[in-house]
Amino acid sequence: MPQPIPAYLLAIAVGDFEFKAINDHIGVYAERYILDASVAEFEDTPLMEEAINDLYGPYKWGRYDMIVLPASFPFGGMENPRLSFLTPTLIAGDKSLTNVVAHELAHSWSGNLVTNSTWRDAWLNEGFTSYVENRVMEVLYGEDRAVMERALDRQSLSRDVAAADRPELTALKMPADLAHPDDAFSQVSYAGGMFFVKFLEERFGREKFDIFLRNYFDQFAFDSITTEEFLSYFEDNLWADNPDAVTKEEIDAWVYEPGFPDTIEEPTSDAFEKVSGQQRLLLSGDIAAADLLTENWSTHEWLHFINTMPDGIFIGLFNDLDSAYDLSNSQNAEIAFAWYMKAIKAGYEPAMAPLEGFLLHVGRGKFIYPLYRTLIENGRGEWAGEIFAQAKPGYHPIAQRRIAAIFAEAE
Ligand SMILES: [Zn+2]
């Protein structure tokens with residue numbers, strides 16, 4: 001490749017891979033067992049590329065291929081230029097988790113063109129990318145899905161802010177004594193950064209903000225910058241002409257102060273309201289689990305339903321939901337994860353064997369870090385330690401380090 005890239009974007013994949021083209025410059029590498037399913041799952045990638053081209057200018061990297069890695073891969077995806085690495089946990093069979101593909105592709109602009117100078121500025125990379133990802137989902141699948149995804153992000157942002165080791169890790173600009181680059185990669189940088197960008201979009205108006213962003217990606221293409229360089233560019237090229245759109249206090253609260261200010265969007269989804277209505281009927285005993293109107297529920301609606309269940313619900317209800325929908329054995333990794341989190345807290349035993357299988361097979365940090373932490377917090381630390389000992393050789397070194405730290409912290 002002729003384009004210059006920073007060292008963290010260089011990667012090598014070795015394995016028994018086969019290739020299938022989606023169009024003349026986009027294709028998928030995967031092991032044979034999952035190749036056709038991957039191509040079907042990712043077939044909208046050309047439409048995603050078109051959507052970002054329209055917003056922020058042409059793709060600058062030539063080919064865009066994807067490679068599906070083993071389940072031990074610790075991330076949803078990694079945006080190595082021209083060849084995104086992806087976890088097989090995205091293959092849900094219904095394209096419901098392909099926002100990660102939009103995310104990795106979006107990095108071809110935000111991150112791979114303009115990246116952060118240091119990991120203290122990780123939000124510049126991941127926040128803008130999460131924002132572009134959400135815009136792409138809106139173009140392809142409509143406003144409803146984009147709002148549902150932001151609402152779910154809002155929930156996981158709150159969870160990560162609450163779980164942060166110290167308050168300094170909940171400001172967009174990470175502290176000077178950041179212990180490890182990985183520590184900058186919580187939802188604070190991703191969803192938190194996205195909500196900040198969304199805040200700017202709303203204050204300045206989408207039309208002006210889209211032009212600003214397109215120029216920003218061009219101005220700093222193939223360069224690395226800091227939060228302060230971004231803010232100074234923003235001041236000169238957008239804020240100066242619209243001085244009343246935001247105040248300095250508001251910007252500082254977002255970027256430098258721990259936690260998130262109340263100017264953050266609280267996304268409300270009509271579809272989620274309906275799900276909540278069903279949930280209320282279930283919890284009050286007015287309808288049985290099997291009679292919930294779930295027929296047209298997407299993955300997102302299931303996630304909202306499970307995530308917002310109160311922790312103190314009865315085991316009997318878990319049994320009923322499992323008999324009706326077999327959630328403990330869901331082949332959708334996001335749904336399975338959400339269910340296991342609730343099951344651990346409730347002490348619902350029938351989910352523990354499938355959970356063990358999940359932990360032994362999947363190494364994606366987004367799932368396994370909270371699962372191990374929650375097991376330890378709910379009196380199952382010893383059992384979790386046995387699973388970790390068995391699963392560890394199959395985890396990526398990054399995941400091994402993070403989980404060892406979770407155990408050490410608990411002692
Ligand atoms: Zn990313």
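1. Let me start with a term: a nonpolar core here is a set of buried Ala, Val, Leu, Ile, Met, Phe, Trp, Tyr and Cys residues joined through C-beta atoms within 7 Å. Please keep in mind that this is a predicted model. The largest such core has 102 residues, and those that touch the most other members are I52, W339, Y340 and Y372. Helix α13 (residues 333–346) gives this core its largest share, 10 residues.

2. W339 is worth a look in your viewer. Setting aside neighbours within four places in sequence, the contacts of W339 are I306, L327, S328, S330 and A351.

3. Now to the overall layout. The chain is split into domain 1 (7–108), domain 2 (116–255) and domain 3 (270–410). Between domain 1 and domain 2, the C-alpha centres are 23 Å apart. Their contact draws 13 residues from domain 1 and 15 residues from domain 2.

4. Which helices each supply at least two residues of the side of domain 1 that touches domain 2? They are α2 and α3, with α2 giving the largest share of that side, six residues. Sorted by class, the side of domain 1 that touches domain 2 holds eight nonpolar, four polar and one charged residues.

5. Helix α3 (residues 99–106) is mostly covered, with seven of its eight residues buried. These buried residues are N99, V101, A102, H103, E104, L105 and A106. The elements covering them include the helices α2 (45–56), α4 (122–141) and α5, along with the strands β3 (64–68), β4 (77–78) and β5 (83–86).

6. As a reminder, an α-helix has 3.6 residues a turn, so residues three or four places apart point the same way.

7. Just past the end of α10, G285 adopts a positive phi of about 80°.

Key:
Residues are numbered from 1 along each chain as its sequence is written. This is a predicted model: local features need pLDDT of at least 70, side-chain atom pairs count only at pLDDT 80 or more; totals for chains, interfaces and linings use all residues. Helices (H or I, at least four residues) and strands (E, at least two) are DSSP runs, numbered from the N terminus. A residue is buried if 20 or more other C-beta atoms lie within 10 Å of its own, exposed if 12 or fewer, and partly exposed in between; C-beta atoms are placed from the backbone. Two residues are in contact if their C-beta atoms, placed from the backbone, lie within 7 Å. Domain bounds come from an automatic or database domain assignment. Ala, Val, Leu, Ile, Met, Phe, Trp, Tyr, Cys and Pro count as nonpolar, Asp, Glu, Lys and Arg as charged, and the others, Gly among them, as polar.
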